[in-house]
Amino acid sequence: MHALFVLLLQVQVPGVPEKRITNIFKPLAGPASEEKTIAVLTLAITGVIFVVVGALITYTIWRFRRKPGDDSQQEPPQVYGSNQIEVAWTVIPILIVFVLIGVSARVIASVENASPPKSMLKATIIGHQWWWEVHYPDYGIATANEIHVPVAGKEKTATYLQLQSQDVIHSFWVPQLAGKWDLVPNRTNYMWIDPQEPGVYLGNCAEYCGTQHANMLLRVIAQPKAEFQAWAASEQKPAVDNPQLTGAKAAFESLSCINCHTIKGTRALGKFGPDLTHLMSRQTLAAGMLTNTRDNLRAWVDDPQAIKPGSLMPSFKLNDKELDQVVAYLESLK
Amino acid sequence: MASIDYPLERPKVQEREFSFSEALYSWVATVDHKRLGLMYIVSALIFFVVAGIMATVIRAQLAFPNGHVVGPDTFNRLFTMHGTTMVFLVGMPMVAGFSNYLVPLMIGARDMAFPRLNAFGFWIFLFGGLLLYFSYIGGSGLSGTGSAPDVGWFAYAPLTSRAFSRGSSTDYWAIGVLVAGFGSIASAINVIATTACMRCPGMTLSRMPMFVWVMLVDSWMIVLVLPPLSAGQIMLLLDRYLGAHFFDTQAGGSAILWQHIFWIFGHPEVYILIFPAFAILSEVIPVFSRKPLFGRPAMVGAIVAIGFISMGVWAHHMFAVGMTAWSNTFFAAASMLVGIPTGIKIFNWTATMYGGKLRLDTPLLFCLGFLLQFLVAGLTGIMLAVAPFDWQLHDSYFVVAHFHFTLIGGLIFGLFAGMYYWFPKATGRLLSDKLGKWHFWLLCIGFNMTFIPLHFAGLLGMPRRIYTYMPGRGWESWNLVASIGVIFQIAGILCFVWNVLRSAKRGEVAGDDPWDGWTLEWATSSPPPEYNFEKLPVVRSSRPLWDLKHPQDPDWKYE
Amino acid sequence: MADLNVPIDALTMEREWKQPDRGTVGIIFLIITESSLFAIFVATYLIYIGKSLTGPYPKDVLDVPILATICLLSSSLTVYFAEHALAHGRLAAFKAWWLVTIALGLEFLTATGLEWKKLITEDHLTIRTNLFGSTFYSLVGLHASHVIVGMCFLLLVLFVTLFGFPIETQLRRVKFLSWYWHFVDAVWVIVFTVVYIIGR
């Protein structure tokens, strides 16, 4: 049964490396691996039940179907029940259920009650309609939608995620790393991930959260320790201040962008939208919808509603000059 | 009480032309349980078609990545209204409709215990349903935003609060469903009182047809779990209209509380929905196998056990909200326990067929479809009950596939079995078996083609309720196949609609007892007279008509 | 189908055929379904005890309504006496006890009204003030609305009796009404315990 599942799931799709298809049967971190193990066990047990019971039903239908020429007046023997048989097919399921309960209890405890290892990184994820705010309290970094974490490696580094929500319920789901866990307003949940391999892990918001739930995409970027440290060091710096772009920066600061966005070291201190201090260090825009290119950035700033209808960022109807200046400035935020 | 003549003498129906207004008045003013039952079923079927059209648009949107059939707001309204309609305006009236039509006939009563309450229940249900749909045209409200509800059929807080759901759309959801719920409660109390007080002489509880037993337990559950939903909706409305803070997380309220209240209702609710299918199978399979229901006491015990256990499993919808390991373990265990009585039912139905002479007519075909598909649904249900597995599967397309296997592959197939089985009783004419087989096979192929692939989309990380997705994540082929399956389903449903319209007028005349049945409804005319039975029957076993047809070997000798 | 006639011995009933009265079953299940509704409001109240972020808090503003509680609970007794009198054909006693029941119910409603007036005007606690306000007014209000419905029916019975309707023919319905009234009183015991004892 498991083999069949794996076979069916190996449909190669161009674009995403096969390894990065968010297949829950290709886990690349501790929690997802444990969940896969119990999933395979469950599939095996239910698969056997399906085959046995399905065969029984099919055989019964085939064997006892009325055939042409049967004497329709003759009723078959009237059997009302059988205690032995009924006891048997009550006891066997009970045994199976108890096995499953035992295994579940063990995995639930090991994932939920795992004590944090010594070398761990802390990150806070705050859900917003429809993007992810990411903080690293130990580093003083704020970013959005892309969560950089170190690869587990020899020290078995794990990242502890503290999950909160600013508005409605969201759910953090990166299938290859861990099962989903909800971000609930007025409540803090915890989960942990320890990616085994460097690379990008894709995920989604998994709890319906309003208009653009579908485009609340998520990526976890796992890097070797040194690379991660370098990234963190660069993120800690204030925004690049390119003297050649003073005009563009002034134009940006004069617009209402700064009411919602923060750029460290400038007048932009808004808290409502994503932090843009190092916008250019991100791979995507609009919570994973667009690749972070100049054209996409310009289109997004020009009219977010055309790209992500319902998004809370309005179109400010900037003229071409303003648009060029804003985009030029944003592009400098390495 | 010296003798009783079966089949009872039936009165001659007066052949007279009724004017349209007379006919309309007679239906609107009726308190006859059969007419009300039919009205419930017909309105449920109309809502079923509407919800099916919505589902078709949903599948059209998702057939290809980056679909542009509808926009996000429209899509969110579609899946909200589709789910709400299927649960509250198709599933619930089907419960009420089938139990209304059949329970009095099967227990040898002349009507329900409270005929006027019955009429009230139907009209208030219909009002609630129409109010919900009125949101499409009247939903803008004063603030000019919003139209139909777009918060999902379980309307999680705080997405439903004024801050995130402006306009009146959520109010339509809360009030429409609340009002329709009163109808369900009224009808459930009625079924309980009818089975408790109106059984014909000799019909002890142990001789009550299995159908009536299941509907009795079902009504018990409705009486117990519908009020929690009403309570939640009242709180929601207090929040929205009077500024209360039940689900206001800013004021210290809890978003999780809504989930608990909703699922205390919501999980028993899915059993409430599936029970009519259980009830129908327990009648159709024995008659078409020509054998009594295998292990009747165990079947009664199983249905009662499912009813009880289902009240203690609700939080398995909440494995991912961050409950403690203990709670998660408890609810995982309780959820798996439901599998045991459900297994007993599947085994006993199979054993009923074993050694019988299966007449593979349309009603039985739908039952067999139910058995195999519900088996899959039950097993994916076990997977979802394994909490760690559920952390991956929860809110993914796997869940969507799972509950469509229970509610379409299970419930709807069961209901179609029931409709083919009792249509001749209600109209006096048989549905065409040939068209019925087309209906069955097209629906069966289409259904499996749609929902088997969706399991795999879920395993590949596709979350539910997304209006679009990007190419390259391995979801495209599964979604395309699923959407193609819809075409077959539509063809199947069209066969059914045509079959009903044609057969109602020109179908083969059925006679009183076309299937050689054993329960009391087959002892009266088709359609039955308003008072059902001229003389109240007296029964001595759970198969009174078997006793009559086989006086040398009656059932009561073995009781 | 000629031989569908059953041998006579098959039709002799094994025992007398008795089933419960449908009205009784109906009212019992109405009470069960109402209990389920109250259970959710009571549970919500319990969950939100002490969760209010701002005042006023229960211990600051709530006074234990002892008199009203005594009135409501004793009205259960008086309605029983009334029903008992009616069952034994003592119409005058029935009317007297019925009137006392209505008076006690009115006293309870008045006390609730005055309590709410004080809370709203003096303590500035409304349903939108905090979680306590939301849960308090909804739970107590839900109960009070049931008292009002009960009062309407009690008054209906009183008026038809005063206008000469032979109420003794409706003993069964009077009994159902008294059951409903007992239920409302029983709910008050729980509401009282939760709101005024545990919640304070």
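**A: The sheet in chain A**

A: A:Phe172 stands opposite A:Cys205 in β9(A). This is a predicted model, where local features need pLDDT of at least 70, side-chain atom pairs count only at pLDDT 80 or more, and totals for chains, interfaces and linings use all residues. Residues are numbered from 1 along each chain as its sequence is written, with chains lettered from A and ligands numbered from 1 in the order in which they are written.

Strand β6 (170-174) of chain A pairs with β9 (199-205) of chain A in the antiparallel sense, over two bridges. Strands (E, at least two residues) and helices (H or I, at least four) are DSSP runs, numbered from the N terminus. Two strands pair if DSSP finds at least two bridges between them.

Five strands of chain A form an open sheet. Their order is β4-β10-β9-β6-β7, with mixed pairing. β4 (146-150) and β7 (178-183) of chain A each have a single partner strand, so one side of each lacks a neighbour in the sheet. Neighbouring strands are turned by 25° against each other on average, direction ignored.

Helix α4 (225-236) of chain A packs on this sheet. α4(A) touches β4 and β10 (217-223) of chain A. Its direction makes about 135° with that of β4(A). Axes are lines fitted to C-alpha atoms, for helices over the stretch in contact; angles run from 0 to 180 degrees between N-to-C directions.

Now the chain contact. The contact takes 78 residues from chain B and 80 residues from chain A. Residues are in contact if their C-beta atoms, placed from the backbone, lie within 7 Å. On the chain B side, α9(B) gives the most, with 15 residues.

Definitions and conventions
Contact = placed C-beta atoms within 7 Å.
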